[in-house]
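Hello,

Here is the structure you asked about. My notes follow below it.

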Amino acid sequence: DTLALTATATDDGRPKPLPDPTGRLQQGVRLRWIVYRGAGKVRLAPDIMNGRVYGKPATLTTTVRFSAPGVYTMRAIASDGQAFSTYDVDVTVK
């Protein structure tokens, strides 16, 4: 069985974006999920957003598969390159 975890963060619009040579934005918020603590191996798909979102909410839904029963702490991290914020979710796998 799998579990879906969703995190949403809103970019504050600072710093202002600068285009890189490919035309993509260098700034903006990006989300990722990590295993902060846990009893076994965890597979995250995807673990990080493709690209960044500037000046509006960004959402990442990740499918999680646990290899063993136990208590896990999953951490969502939102970062814009200057500041970051975290949010932890405790999961008990039986």
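The largest pocket has a volume of about 220 Å³. Pockets were searched on a 1 Å grid over the protein atoms alone: a pocket is an open set of points where a 1.4 Å probe fits, with protein on both sides within 12 Å along at least five of seven lines. The volume is the space filled by probe spheres set on those points, joined across faces, edges and corners. The lining has 18 residues, where a lining residue has an atom within 4 Å of a point. Ala9, Val29, Ala78, Ser79 and Ser85 lie nearest the pocket centre. Three strands, β1 (3-10), β5 (70-79) and β6 (84-93), each give at least two residues to this lining.

Before you use any of this: the model is predicted, so local features need pLDDT of at least 70 and side-chain atom pairs count only at pLDDT 80 or more, while totals for chains, interfaces and linings use all residues. Residues are numbered from 1 along each chain as its sequence is written, and side-chain values use heavy atoms, with hydrogens and water left out.

Now the fold. The protein has six strands and zero helices. Its pattern along the sequence is β-β-β-β-β-β. Both element types are DSSP runs numbered from the N terminus (helices: H or I, at least four residues; strands: E, at least two). The C-alpha trace spans about 45 × 25 × 15 Å along its principal axes. Of the contacts with a separation of 6 or more, 61% join residues 24 or more positions apart; contact means heavy atoms within 4.5 Å.

Surface and charge next. Of the 94 residues, 30% count as buried. The classes go by relative accessible area (buried under 20%, exposed over 50%, partly exposed in between; 1.4 Å probe, protein chains only). The accessible surface is about 6200 Å², and 50% of that belongs to carbon and sulfur atoms. There are 13 positive and 8 negative side chains, with the centres of the two sets 4 Å apart.

Lysine 41 sits between β2 (30-37) and β3 (42-45). Its relative accessible area is 68%, so lysine 41 is exposed. It touches Arg65, Phe66 and Ser67, not counting residues up to four places away in sequence. Beyond four places in sequence, glycine 40 contacts Ser67, Ala68 and Tyr72. From glycine 40 to phenylalanine 66, the C-alpha distance is 7.0 Å.

Is aspartate 80 buried or exposed? Aspartate 80 is buried, because its relative accessible area is 9%. It lies in the loop between β5 and β6. Leaving aside neighbours within four places in sequence, its contacts are Asp11, Asp12, Arg14, Pro15, Gly28, Val29 and Arg52. Proline 69 is 11 residues away along the chain, yet its C-alpha is 34 Å from that of aspartate 80.

One backbone item. The peptide bond from alanine 45 to proline 46 is cis, with omega near -10°. Proline 46 is in the loop between β3 and β4 (57-66).

Best regards

Key: Areas by Shrake-Rupley, 256 points an atom, 1.4 Å probe, with all protein chains shown as cover. Lys, Arg positive; Asp, Glu negative; His and termini not counted. Charge placed at Lys NZ, Arg CZ, Asp CG, Glu CD.
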